[in-house]
Amino acid sequence: MKKNKLSAYIYILPAVGFVGIFLIYPIIFNFMSSFTEWRGLDFSTAEFVGMQNYVTLVKDPIFRNDLKNCLVFMVLTLFFQMSIGLILTVLLNMKLVGFRLLETVYFFPVVLSSVVVGYTFLQIFEPNFGTLNTFLQSVGLSDLKRMWIGDARYALYTILIANVYQWSGMGIIYYRAGLSNISKDIYDAAKIDGSGFWQSFFRITIPLLKNTHVIILLMGTIGCLKFFDLAYIMTSGGPANSTEFPLLYLYRKFMRELNSGQASAVAIVIIILATILSIGILKITSNDKEEGGR
C-alpha cells in the first residue's frame, strides 16, 4: 500500500515541480522584491524599504488613472462580449442557412494574433488615411471625422472595439456548450404555455446559462487586469495616459525606468485585485444560487 502511494507521488512530482518553479516561486520572489528598492537585474543590490513602493503606487495619480481605465474597460468589455456572444450563439443555434460558415467567421478573430488585430484596427482608426475617416469623407460625413487614436476622449474606445472584435467569438464557444445542456423539452413546454421567443430568452435561456456567465465573467475580469498587447500596439498608453493600463505601467517601470521593486509591487497589486474580484464574483453568484434554492 505504501509503495503504491509512493509511486503516485513520483508520478505527480514533475507537475508539482513545474508549478513550483514557474508559478509559485515567481510569485514569492515578486512579493519579496516588492518591499525593496531595486534597480537593475542584480538582486544583491536591492535595499529593503518596507511598504514604500505600495505607498508610492497609492499616491501616484497615473497609477490610479490606470486602475480607473482598467475598471471602465473591464465593465464595457464584459458587457459587450457577453451580450454579443450570447446573441450570436442564440442565432447560430437556430441553424439558419449558412450557420456553419458563420461559426467559422465569428470565431476566426480569436485565433488571430493580437499583433495582427492591433495593427488592423490601427489602420482603421488612423486619423489621416485610416479606413474609417476615409469612408466618412467619401460619403459626405466629414464632420464626423475624428482623431480616433490621438484624442483622449476616443482612444480607449478604439481599443475596446478591437478587443471586443477579437474575443467575442470565445463567448460563443462557452455559450454553445451551455445551451447544449439546456433540455429542448423546457422550451417546448414554454411554447405550449404561450411563451414567445423573447420570453423564453429572458426567462429560460439567460437564467439557465448562469454558470456560463460566471465563467466568462471570471475569465474576462482576469483578462482585463492583465490586458497589455492591444493597448501597447495601438496607442502605447497615450495620449496623456488615457489608454494606459496597470501592466503598461509595470512595463514602463521595469523596462524604461529599471525600477524593479516598484514593478514587482504593481504585479502583486494585480494579483490581489484578481483574487478579490474573482472571490467576489463567486460569492455573489453562490449567494444567488442559495437564495434561488430557498
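This is a predicted model: local features need pLDDT of at least 70, side-chain atom pairs count only at pLDDT 80 or more; totals for chains, interfaces and linings use all residues.
Trainee: Why is isoleucine 24 called partly exposed?

Mentor: Its relative accessibility is 45%. Buried means under 20%, and exposed means over 50%. Isoleucine 24 falls in between, so it counts as partly exposed.

Trainee: Where does isoleucine 24 lie?

Mentor: Isoleucine 24 is in helix H1. That helix covers residues 2-33.

Trainee: What makes the nonpolar surface patch?

Mentor: Phe18, Val19, Ile21, Phe22, Leu23, Ile24, Ile27, Ile28, Phe31, Met32 and Ile271 make it. The patch has an area of about 1100 Å².

Trainee: How do you know that Ile24 is open enough to belong there?

Mentor: A patch residue needs over 30% relative accessible area. Ile24 has 45%, so it passes that cut-off.

Trainee: Which helix gives the most to the nonpolar patch?

Mentor: Helix H1 does, with ten residues.

Trainee: What about threonine 120: why is it called partly exposed?

Mentor: Threonine 120 has a relative accessible area of 40%. The limits are under 20% for buried and over 50% for exposed.

Trainee: How far is threonine 120 from threonine 131?

Mentor: They are eleven residues apart in sequence. In space, the distance is 10.0 Å, C-alpha to C-alpha.

Trainee: Now the pockets. How much space lies in the largest pocket?

Mentor: About 570 Å³. Its lining has 16 residues. Asn93, Met94, Lys184, Tyr187 and Phe197 lie nearest its centre. Helix H3 (61-93), helix H8 (184-192) and helix H9 (197-208) each give two or more residues to that lining.

Trainee: How does the lining of the largest pocket divide by residue kind?

Mentor: Seven residues are nonpolar, five are polar and four are charged. Lys counts as charged, so Lys184 belongs to the charged group.

Trainee: What volume does the second largest pocket have?

Mentor: About 450 Å³. This pocket is lined by 22 residues. Nearest its centre are Gln81, Trp167, Met219, Gly220 and Gly223. H3, helix H7 (155-180) and helix H10 (210-225) each give two or more residues to the lining. H7 supplies the largest share, seven residues.

Definitions and conventions
Residues are numbered from 1 along each chain as its sequence is written. Side-chain values use heavy atoms; hydrogens and water are left out. Patches are made of residues with over 30% relative accessible area and no salt bridge: like charges are joined within 9 Å, nonpolar side chains (Val, Leu, Ile, Met, Phe, Trp, Tyr) within 5 Å. Accessible areas come from the Shrake-Rupley method with a 1.4 Å probe; for residues, only the protein chains shown count as cover. A salt bridge is a side-chain nitrogen of Lys or Arg within 4 Å of a carboxyl oxygen of Asp or Glu. Helices (H or I, at least four residues) and strands (E, at least two) are DSSP runs, numbered from the N terminus. Buried means under 20% relative accessible area, exposed over 50%, partly exposed in between (1.4 Å probe, protein chains only). On a 1 Å grid over the protein atoms alone, a cavity is a set of points where a 1.4 Å probe fits but cannot get out, and a pocket is an open set with protein on both sides within 12 Å along at least five of seven lines; lining residues have an atom within 4 Å of a point. Grid points are joined across faces, edges and corners, and a volume is the space filled by probe spheres set on the points.
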